[in-house]
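User: Could you take a close look at one part of this model for me? I'd like to hear about the sheet and the metal site that goes with that stretch of the chain.

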Amino acid sequence: MIATPHSPTRTLPTPPLPTKSTPTLSLIMPSSKILAVPLNYQGVYPCPVCRVGKIRDMHLMEAMSCDFCHEIFTVNLEQQQLKMPSRQPPLTWRWNGFNWTETQLEGVELGWGYALGAIAFVLFPTIIIGIVAYNFPLDPHAPITWLPSIWTCLTFLLHFSIIVWLLIEIYQIPLGAYWRGIVRWREVRATVTSARNFQRNSVIRNGE
Ligand SMILES: [Zn+2]
């Protein structure tokens, strides 16, 4: 008779090998694995858009919203993903237990090609104008000898600002929300200060 692998002598479970640890979470941060907080509807997480507010679940909805920029997100618990559907294509983030990672436009892969293209777009015209300005200097007695160097700087700044503007457009960085936040924070601080002053004055008055 041939012994099968399911014979009674083999039913005892073998202990896991100590050499290999569990793959996914331990790769991220093995030492603080216990502190990792999974994405769920009960939790409160930092807002990946404004990075100022907190996002928490919306009552009776499978969505979360930010208490600061009021952005609404849909949640994929299985993939630990957050999606911002208010823009097309939607932006997505992945929760790794500690913070948001892998910011992505859904279906769009912004790889190294785009990064190199952006760097070339900024540097190439600047270098060309810089070389021309260096090799063909103006007459030192001319009234606008500063023009070539200013022109080179302006070329760099303009091309760089186009890239920054594109990034703001792509990732919908809410500059308006930041500004509203600063204004609101100042208002709150002013209210707290005046309330404290009022309290202090009334204490002094009562003490007299
Ligand atoms: Zn927010």
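Analyst: First, a term: two strands count as paired if DSSP finds at least two bridges between them. Keep in mind, too, that this is a predicted model.

Ser65 has Ile72 in E4 as its bridge partner. The two strands make a hairpin with five residues between them, and His70 in that turn has a positive phi of about 60°.

Now follow E4 (residues 72–76) onward. Its covered face carries Phe73 and Val75, while Ile72, Thr74 and Asn76 sit on the uncovered one. E4 also pairs with strand E5 (residues 81–84), again antiparallel and over three bridges. Here Asn76 has Gln81 in E5 as its bridge partner. This hairpin has four residues between its strands, and Gln80 in the turn shows a positive phi of about 55°.

Zooming out, these strands belong to an open sheet of seven, ordered E1-E2-E3-E4-E5-E6-E7 with antiparallel pairing. Strand E1 (45–46) and strand E7 (100–105) are the edges, each pairing on one side only. E1 is joined to strand E2 (residues 54–57) by two bridges, and the two run antiparallel. Tyr45 stands opposite Ile55 in E2. Tyr45 also forms one aromatic cluster with Trp95 and Trp100; the structure holds five aromatic pairs.

On to the metal. The zinc ion is held by the SG atoms of Cys47, Cys50, Cys66 and Cys69, at 2.2 to 2.3 Å. Along the sequence, those donors follow the spacing C-x2-C-x15-C-x2-C. What about the geometry? The angles between the four donor atoms run from 104 to 117°, so the arrangement is tetrahedral; the cut-off for that is all angles between 85 and 135 degrees.

Note on methods:
Residues numbered from 1 in each chain as written. Predicted model: local features only at pLDDT ≥ 70, side-chain atom pairs only at ≥ 80, totals over all residues. Heavy atoms only, no water. Phe/Tyr/Trp six-rings, centres within 6.5 Å; stacked < 30°, edge-to-face > 60°. Donors = N, O, S within 2.8 Å, 3.2 Å for Na, K, Ca; no water. Tetrahedral: all angles 85-135°; square planar, octahedral: opposite > 155°, others 65-115°. Buried < 20%, exposed > 50% of the residue type's maximum accessible area, 1.4 Å probe, protein only.
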